[in-house]
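Welcome, and please open your viewer. We will go from stop to stop, selecting one thing at a time.

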Amino acid sequence: MNRRERAGIGMTSARTRDRLVERLRQNGIANEDVLSRIRDVPRHLFVDEALASRAYEDSALPLGRGQTISQPYVVAAMTEELLRDPLDGRTLGKTLEIGTGCGYQTAVLARFARHVFSIERIQSLLKRAQQNLRTLEIKNVSLRHADGWRGWRSQAPFHGILVTAAPEIVPDELLEQLEDGGRLVIPVGPPGRQSLVSMTRRGSDFERRDLLPVSFVPLVEGTET
Ligand code: SAH
């Protein structure tokens, strides 16, 4: 891929991306570092070519295998919440992501974390994510084909955990893998009634905030090729 393709042309141009960022800002995303990361990550590379012209609309798009690439506003809101006080506002330590999909959220997150550990249950999606991250020369990411319900025990505890598929209740195992002061951001609830929840660990307690209604694919048990 040459520089021109990576930078994007026409419907994927800088102006198109600026419009998306402006819209996210109007909708309440305030962290300028997050907004500039959204502007810089070429979302059109993460979707099928046929959808590339829609990559900078603020909407979820199909990824194949019944999965979707998250809406940019939701990616930004989740990243902003992970970085919110009392975390130091700029850098996360070890961060766990569950539901790699095509790797778009992973690419956004990698800019703010020392290292991202990301788990996906569908192997063919994980392979695409790996290629996408390689194309963008993002190196501080480790990918794993596994069932994310159990987290990534050998790498725990994590400073941040971000889940991009929705269980009906917050999995205890993920809460246990948070370090003190660390934060889990996760969509929770049955289809049609999910809300984005943030849980910050304070010793053996958790501070819960309900952020906004969302619509994610369900967190499913087991793996597929
Ligand atoms: N973060 C992605 C969104 C992917 S959609 C992006 O930015 O595009 C959610 C993903 O979660 C799907 O790829 C789905 O296969 C995955 N998923 C669902 N249940 C899972 C589980 N138990 N463990 C790991 N991944 C899971």
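**Stop 1: the ligand and its contacts**

Select Gly 148: one of its backbone N or O atoms lies 2.7 Å from a nitrogen atom of the ligand. This pair is a polar contact, meaning two N or O atoms within 3.5 Å. Keep in mind that this is a predicted model, where local features need pLDDT of at least 70, side-chain atom pairs count only at pLDDT 80 or more, and totals for chains, interfaces and linings use all residues. Residues are numbered from 1 along each chain as its sequence is written, and side-chain values use heavy atoms, with hydrogens and water left out.

Next comes Gln 105, with a polar backbone atom 3.0 Å from a ligand oxygen. How much of the ligand's 580 Å² of accessible area does the protein cover? It covers 99% of what the ligand has on its own (Shrake-Rupley method, 1.4 Å probe).

**Stop 2: the shell**

Show the 27 residues around the ligand, those with a heavy atom within 4 Å of it. Gln 105, Glu 120, Asp 147, Gly 148 and Val 220 come nearest. By class, the shell holds 14 nonpolar, 9 polar and 4 charged residues; Asp, Glu, Lys and Arg count as charged, and Gly is among the polar ones.

Helices (H or I, at least four residues) and strands (E, at least two) are DSSP runs, numbered from the N terminus. The largest share, 3 residues, comes from β2.

**Stop 3: the pocket**

The ligand sits in the largest pocket, as more than half of its atoms lie within 2 Å of the grid points. A pocket is an open set of points on a 1 Å grid over the protein atoms alone, where a 1.4 Å probe fits, with protein on both sides within 12 Å along at least five of seven lines; lining residues have an atom within 4 Å of a point. The volume is about 520 Å³, the space filled by probe spheres set on the points. Of 36 lining residues, Thr 68, Thr 164, Ala 165, Phe 216 and Val 217 are closest to the centre.

**Stop 4: a backbone detail**

Finish at Pro 157, in the loop between β5 (141-145) and β6 (158-163). A cis peptide bond joins Ala 156 to Pro 157, with omega about 5 degrees.

Technical notes:
A polar contact is a pair of N or O atoms within 3.5 Å; within protein, one must be able to donate a hydrogen and the other to accept it, and residues adjacent in sequence count only if both atoms are side-chain atoms.
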